[in-house]
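Reader: I have a model on my screen and some questions about how it is put together. Can you walk me through it?

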Amino acid sequence: MTIAYQNALAEVDTILEFMSPELLHKIPNSFLEFIKQKKSKSYTINLDMELPLEEQDLLKETRTILSLIYRSYLCSSEQSRKLKIEDSMELKEKYSYQNLLKKSNKK
Amino acid sequence: MSKENQEVEKLEKEFKSKLFEVISELSSKLNELMTTIQKTGKYVDLETDLPNMGVTLNNKLNEMQREFQKAGLSIYSQYNEELDFANMPLIGEAIITDLMTYVAEGQQKLSDYNDTSLKILTKKDEPVKALEKVSPLRRMFAKIKNLFAIKKQQGQVYKQEEVDEMNTYLSDYKDIDNKLYNYNLRDNIVPAIVKKLRQHNAYAVPGILEESIAPDLEKLGLSDLTPEIQETLIEEYKKDSRNPLIHDLSKLHVPDFNRENKKDGTSLEEVHDKPRDLLSDNDRGINGEKRSLREDGVKLEDLVLIDKTVNASDRQVAITSIHKELQATEEKVQDKTQEDTGKSLE
């Protein structure tokens, strides 16, 4: 795992401390254990307590992991299915032949 | 009577019978000690007006029992539906342990008094023992001489500083008894519960505050103390976090007792469906108030907003990067805890 993800896990770990217990209970212990084990022990987390989560200066990888936590464990199954479809459409669009050709033409 | 009530009553009866047996034994022992102190007090200026802490404890337990009964609870026993048997409620256990701690402290003070008194007497007794080694004739003369001095001696066995030292222990004992006498739920329940949870390193037990403590506090009319317990626990946890046994900060549960549930103007689904640049302050749950991590914590709507800032490719890269290692950890933890949510990070 890259250092960027280890640092992100350290940020995620701290953010989870602020999560309400009802939400935290939905996250499997195995995943919490994973965060604890793999997070960077030396990365200094810089959270501004006076700002909401959205306005925090978080690492890109932290946002990504939080997004995955939300989709995998916290949102409803219907919402999760909807989001998966959106993602697959987004990826399909990004990697479509036409778009790839556009990119290579630009080069 | 239902099976549950029978179980609760049975445990309460058993526990009370054992507890009051111990208290009765304690009261008799304390009575003996007090008689000795009173006898000594005839010759020296000792604090002799000592209460029997066993009696104070007995009265206090009865008082607590009545308060619990009024709230429809038992201090000694409750039925645990999940485990299907009666056990001691956490609050009851915390209070009884706390009360017993006062008694143990009081006993220690009397024991310190006793040790000091004996030490002084042994020291004073040395010339008498030395006398036993001299010839019978000299011993007899010494005894006759002592007969005339006996009245004077009793008052002079202890020096003033020795009496002061002994009185300090007795005065401390009286203070502890006074604290026990004035013990009440509103002033003492927070430290008692925190002490109990700390004793068991139970900060991180899921739902312990919400499920095992808050409902009983509510029945006792003390629900306003729940946030104080939470705050004190967090402070204690921080102090204890140097202890290698307590390391997993991510497992510390911080229930939302202080925060009011703000009603958002828009449902989560609606926020989901709106493009990020069209989200209003109301969607962000602001409602004119500035939100902060400290005050509001992390809620589902915060994660929805974060989710909207991440694109599908980044999620895919993240899954690829951490998936293998996550799987290995998941397997280990599942082996260990037999807990399987059936969900993985995908």
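**Burial, helices and confidence**

Reader: What share of the residues in chain B is buried?
Author: This is a predicted model. Chain B has 346 residues. The buried ones among them make up 26%.

Reader: How many helices and strands does chain B have, and in what order do they run?
Author: Chain B has twelve helices and two strands. From the N terminus on, the order is α-α-β-β-α-α-α-α-α-α-α-α-α-α.

Reader: Of the contacts in chain B with a separation of 6 or more, what percentage joins residues 24 or more positions apart?
Author: The count covers contacts in chain B with a separation of 6 or more.

Reader: Why do H1(A) and H4(A) count as oblique?
Author: Their axes come within 8 Å and cross at roughly 60 degrees. The crossing is right-handed. Contacts are made by residues including Ala8(A), Leu9(A) and Val12(A) of H1(A) and Ile65(A) and Leu66(A) of H4(A). Roughly parallel needs an angle under 35 degrees and roughly perpendicular takes 65 to 115, so the pair H1(A) and H4(A) is oblique.

Reader: How does H1(A) pass H3(A), left-handed or right-handed?
Author: These helices pack at about 125 degrees, with axes 8 Å apart. They are therefore oblique to each other. Gln6(A), Leu9(A), Val12(A) and Asp13(A) of H1(A) meet Ile35(A), Lys36(A) and Lys38(A) of H3(A). The crossing of H1(A) and H3(A) is left-handed.

Reader: Is Leu99(B) buried or partly exposed?
Author: Leu99(B) lies in helix H3 of chain B. It touches Leu57(B), Lys60(B), Leu61(B), Leu180(B) and Tyr183(B), not counting residues up to four places away in sequence. Burial takes 20 or more other C-beta atoms within 10 Å. Leu99(B) has 19, so the class is partly exposed.

Reader: What distance separates the C-alpha atoms of Leu99(B) and Leu57(B)?
Author: The two residues touch. They are 42 residues apart along the chain. Their C-alpha atoms are separated by 7.2 Å.

Reader: Which helix of chain B has the lowest confidence?
Author: The mean pLDDT of chain B is 76, and 67% of its residues reach 70 or more. Confidence is highest in helix H2 of chain B, at a mean of 92. At the other end, with a mean of 54, is helix H9 of chain B.

Reader: How many contacts beyond near neighbours in sequence does the stretch 244-253 of chain B have?
Author: The pLDDT is below 50 over these residues. The model still gives this stretch contacts beyond near neighbours, and the number is 24.

Technical notes. Residues are numbered from 1 along each chain as its sequence is written. Chains are lettered from A and ligands numbered from 1 in the order in which they are written. This is a predicted model: local features need pLDDT of at least 70, side-chain atom pairs count only at pLDDT 80 or more; totals for chains, interfaces and linings use all residues. pLDDT is the predictor's confidence in each residue, from 0 to 100. Helices (H or I, at least four residues) and strands (E, at least two) are DSSP runs, numbered from the N terminus. Two residues are in contact if their C-beta atoms, placed from the backbone, lie within 7 Å. A residue is buried if 20 or more other C-beta atoms lie within 10 Å of its own, exposed if 12 or fewer, and partly exposed in between; C-beta atoms are placed from the backbone. Axes are lines fitted to C-alpha atoms, for helices over the stretch in contact, and angles run from 0 to 180 degrees between N-to-C directions. Angles under 35 degrees count as roughly parallel, over 145 as roughly antiparallel, 65 to 115 as roughly perpendicular and the rest as oblique. A crossing is left-handed if the near helix is turned anticlockwise from the far one by less than a right angle, and right-handed if clockwise.
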